[in-house]
Amino acid sequence: MIMDGKNLDGEEPLSVVRGFVDNIDKATIIGWAYNGTDEPVLIRLLCNGIVLGLVKADLYREDLKQSGIGDGYHAFCFNVLGGLPSGQPIQIEAREARGGAELEGSPCIIELPAEAREVTALAAVQTEKRAGFLDIVERRYIAGWAWDESKPENSVGIQVIVNDRILINSIANRYRGDIKECGIGTGNYGFVIVIPENLSLRVRNIVRVIRDDGAELEGSPAIIESVSVFDPDILWFMQFAAKNVENNEERKRVSEILLSTLDVLKTTANQEMAGYVNHSVERHQALVSGSEGAWGNIKSRCKRALVIDSRFPDPSRDAGSNAIVSHIRALSDMGYDVFFISLNEKKATREQKLFLERDGIQTFEAPLFDTVESVLRHQRDSFSLVYLHRVEVAHAYIGLARYFQTHARIIFSVADLSYLRLERQAAELDDIELKNKARRVRVLERICAIQADALITHSTEEMRLLKELAPRTPVFVVPWAIMTPPVIQRPHMRSGCLFVGHYGHHPNVDAALWLIEEIMPLVHKQRPDIICYLAGSHMPEHLRKVSCRGVEILGYVQDLDEVFGKVRIGVAPLRFGAGIKGKVLEMLGWGLPVVMTPIASEGIPFPLELRELITDGEAENIAEMIISMHENENIDNISRKGVSFIRENYSILSIIKEMEKVEREVLIQ
């Protein structure tokens with residue numbers, strides 16, 4: 001039959017092609033094509049728009065010769081490697097490769113019968129009659145050949161079976177020159193099959209390849225043993241191989257492979273932590289339906305809180321650590337799954353990690369969780385609360401938290417107002433550079449406060465200032481829990497005073513120097529028996545050098561209980577700073593009356609009896625109060641008042657109550 005060629009671009013065809021698609025089955029496409037010359041026509045075959053390959057119409061067919069179609073050498077028979085898809089409609093196209101002219105009978109829509117999914121029963125095959133051979137078995141692909149000696153002109157169907165489960169049905173029809181050279185038929189009996197799902201590393205995989213007549217190939221079954229990728233032998237081999245890479249180009253290639261593998265591990269770890277893996281089917285349905293709401297519901301099923309601070313908390317180091325740990329514990333008791341990540345520290349120490357994990361807090365650490373941004377990005381929309389502690393953290397991540405965690409409420413916990421501390425330090429030292437820095441920090445704190453959904457401070461005074469900075473953002477006073485001993489020792493039989501602080505904090509260093517150089521010399525003029533102890537972490541060397549008689553530098557003390565039990569009072573001679581002072585509260589909780597400056601007492605709602613401990617901030621008056629408290633016969637009563645005040649206002653139950661207020665008024669909307 002004659003047909004006009006059709007050009008794919010709608011232009012006049014380059015030549016008139018006569019031809020026909022005669023037959024299509026699982027393994028072959030048969031037809032003919034003739035362009036009026038003795039030159040064979042090159043045909044391009046497509047399945048569902050995907051090119052299967054090219055074939056020359058150069059086979060002899062007697063019927064073509066008898067019909068006057070040239071010399072009869074214009075037929076083609078194309079072997080479909082692996083076979084055509086079955087059980088679904090497919091469209092086959094046959095086009096002249098050069099001009100795009102389409103043969104008659106093309107396109108053709110057919111549906112091949114669905115493949116049987118039962119495992120073919122193994123047949124008894126005579127040993128002298130070879131069924132084929134399974135050459136290569138790997139986790140990603142298998143290769144070999146199969147044929148039926150009694151029907152060498154036919155392609156053989158095969159089943160790939162792994163652990164008694166059919167993975168794929170295919171056809172062995174790929175040309176193998178080595179098979180042909182061995183005198184095995186035409187050589188068109190090979191197969192290379194990519195495994196559609198990677199075989200598990202954790203189980204023993206038994207791979208069988210069986211012909212459709214039940215004959216099992218030699219080399220089958222093949223066994224791939226389970227392995228641990230991370231056992232010592234494998235790791236040693238990887239390191240050995242890496243050391244022996246010979247040039248930088250190869251090192252670059254290996255590095256890219258390892259980095260891409262690490263990216264896969266990071267992504268998988270984030271998805272697992274976020275719970276994405278558990279809801280993969282529902283996620284897929286949500287994506288197919290295009291329903292953002294469905295996916296949002298999946299990700300908000302549990303209350304997940306991400307807490308970000310500049311460092312991992314260490315309660316022995318500073319009050320800020322105690323504060324954030326109390327808030328984390330409160331969130332956990334309120335039903336949140338709490339996760340912690342640090343801005344500046346990639347890994348926690350063993351002690352820090354255990355400290356958090358004993359309360360069920362999970363830490364994000366390198367190398368799987370190496371940056372805050374990667375957690376926010378890869379666990380997108382999985383947190384219902386993001387808690388940012390300190391201004392440097394809020395400034396760095398409040399924008400990213402808004403972008404990647406669109407359903408989360410963001411809390412900015414100021415710890416203390418940094419600009420206020422810097423302003424006071426600048427005023428005390430008359431430092432113009434510090435004044436300028438304070439102005440810049442105030443702008444940053446205001447920007448962060450405006451963007452947050454809620455602000456947390458520990459100080460009633462800073463609550464007032466925050467309301468001025470960001471009038472539309474709700475502000476809450478949430479202190480932290482102070483532990484008190486079950487039995488309080490009476491201080492009236494003891495002597496000496498104690499100053500405790502983290503000496504990486506400049507206000508504490510200034511207070512310690514003032515205490516050593518001015519206050520205690522005034523005390524010792526009247527009471528040389530009163531010893532002053534200085535305790536705390538990061539004690540600078542220059543403080544030890546200015547120490548004088550009657551002052552003992554203890555430095556870092558692992559357990560302060562013994563020190564608290566040997567002195568009569570605490571002292572907090574702070575001249576500048578911000579926020580509430582953790583060591584003041586801690587000493588009160590241990591039954592030590594604390595002599596304080598106004599700065600040291602700021603933001604703490606003291607009852608009338610404890611306000612008498614606050615001096616006007618002059619060295620003479622602080623010294624006089626230290627002496628007075630050593631001679632006060634009513635000191636035991638003052639001690640009990642301090643303990644009662646701490647237990648009523650700074651217990652974990654009171655912290656939970658305040659955090660529940662934040663959740664009720666801001667987070668649940």
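Partly exposed describes a residue whose relative accessible area falls between buried, under 20%, and exposed, over 50% (1.4 Å probe, protein chains only). This is a predicted model, in which local features need pLDDT of at least 70 and side-chain atom pairs count only at pLDDT 80 or more, while totals for chains, interfaces and linings use all residues. Residues are numbered from 1 along each chain as its sequence is written, and side-chain values use heavy atoms, with hydrogens and water left out. A salt bridge is a side-chain nitrogen of Lys or Arg within 4 Å of a carboxyl oxygen of Asp or Glu, and the whole structure holds 28 salt bridges.

- Glu 373 and Arg 377 form a salt bridge at 2.6 Å, N to O, and both belong to helix 9 (residues 372-378), four residues apart, about one turn of the helix; helices here are DSSP runs of H or I with at least four residues, strands are runs of E with at least two, and both are numbered from the N terminus.
- Glu 373 has 31% relative accessibility and so counts as partly exposed, and Arg 377, at 40%, is partly exposed too.

**Pairs between separate elements**
- Asp 309 and Arg 390 are joined by a salt bridge of 2.9 Å, N to O.
- Because Asp 309 sits in strand 16 (residues 304-309) and Arg 390 in the loop between strand 19 (385-389) and helix 10 (391-404), this pair ties together parts 81 residues apart in sequence, and both residues are buried.
- Asp 453 and Arg 402 form a salt bridge whose closest N and O atoms are 3.1 Å apart.
- Asp 453 lies in the loop between helix 12 (432-451) and strand 21 (454-457) and Arg 402 in helix 10, so the pair ties together parts 51 residues apart in sequence.

**A network**
- Salt bridges link Asp 22, Arg 61 and Asp 63 in a network.
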